[in-house]
Amino acid sequence: FREQPIFSTRAHVFQIDPNTKKNWVPTSKHAVTVSYFYDSTRNVYRIISLDGSKAIINSTITPNMTFTKTSQKFGQWADSRANTVYGLGFSSEHHLSKFAEKFQEFKEAARIAKEKSHEKMELTSTPSQESAGGDIQSPLTPESINGTDDERAMPEVTQNSEPRAEPTQNALPFTHSSTISKHWEAELATLKGNNAKLTAALLESTANVKQWKQQLAAYQEEAERLHKRVTELECVSSQANAVHTHKTELNQTIQELEATLKKKEEEIEGLKQEIENARELQAQRDSLTQKLQEVEIRNKDLEGQLSDLEQRLEKSQNEQEAFRNNLKTLLEILDGKIFELTELRDNLAKLIECS
């Protein structure tokens, strides 16, 4: 059995509705195994999925295919050979991403294989141009194409042993005959090149058809034997896949919880810092409140003292005013007494002068 699975996963399989080309039609009632297969003889990668003994996916990967993620758990690709669009629904985004990575990897491998096949075809077409003109009329039948290596080698030996076709116009002058000969040789070489390419393409196509028939027959024979084995392994595989999926989900959950826990711890540290700052602010507020109360008490005392001082000041001002009035009265009396004394002095002076 030349094809071997190189990657497998489980998914729900859909195909586009051939009538509307819009709606998806499920081709499996439950999740089935979807595998990448590699055909080492043809160097071909294929996507195959079986629902019981029925092949619900049989798609050959070509370089021009594209796998598109349409959602977190759904992807699709178009197969022009099958004239349909396949869709796969996965249980998680991780399984979808892994399938898409493998699709891109095998698509690139298919592209490289195709380029190598073209290079090999070009190399093989070069010596085939040296074969006789009878190659153009060689019959190509599936029996002669798909025979054994010895059988396929026989026509080539026969063809290479045939003489080259030469111009028959010996009556023409030598120079003219040589020119015509070169012209027909160039035309013949071109025809041989085209014939070699067409022959190689026909050989490949016919070989692919027969190989596909042989492979399909082998699948039909092998499917019966593998069906029981697949049924047995599906339980184990589903359990293993479920355990692996559950483990992956648990690891992702643990990572998310660890990240959340770390974030919460950072938030708790921030809240603790804010609480410490709030406590400091509360202590400062209490201290300021106490100082404000003390200041208010002192303010009331000072207001009482100020009122007392104002009363004393007013009393003192009244006393000073009374004292000033008394002094003024005394000064007036003193002035009168001084005036009287002055008159008395003058009178005494006159008396002295008269005596």
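User: In this predicted model, is Arg111 buried, partly exposed or exposed, and what is its relative accessibility?

Analyst: Arg111 counts as partly exposed, because its relative accessibility is 30% and that class lies between the cut-offs of 20% and 50%. Glu108 is likewise placed in the partly exposed class, with a relative accessible area of 32%.

User: How should I read a contact between charged side chains, and which residue forms a salt bridge with Arg111?

Analyst: In general, side chains of opposite charge can pair when their charged atoms come close. Here Glu108 is the partner of Arg111, and the closest N and O atoms of the two are 2.2 Å apart. Both residues belong to helix α1, which covers residues 93–128, and they are separated by three residues, about one turn of the helix.

User: Where do Glu321 and Arg324 lie, and how exposed are they?

Analyst: Glu321 and Arg324 sit in helix α4 (residues 174–354), again three residues apart, or about one turn of the helix, and their side chains form a salt bridge with an N to O distance of 3.5 Å. Glu321 is partly exposed at 41%, and Arg324 is partly exposed at 48%.

User: How many salt bridges does the structure hold, and which residues are joined into one network by shared partners?

Analyst: There are eight salt bridges in the structure. One of them links Asp346 and Arg345 at 3.9 Å, N to O; Asp346 is partly exposed at 35%, whereas Arg345 counts as exposed at 58%. As for the network, salt bridges with shared partners connect Glu108, Arg111 and Glu115.

Terms used. Residues are numbered from 1 along each chain as its sequence is written. This is a predicted model: local features need pLDDT of at least 70, side-chain atom pairs count only at pLDDT 80 or more; totals for chains, interfaces and linings use all residues. Side-chain values use heavy atoms; hydrogens and water are left out. A salt bridge is a side-chain nitrogen of Lys or Arg within 4 Å of a carboxyl oxygen of Asp or Glu. Helices (H or I, at least four residues) and strands (E, at least two) are DSSP runs, numbered from the N terminus. Buried means under 20% relative accessible area, exposed over 50%, partly exposed in between (1.4 Å probe, protein chains only).
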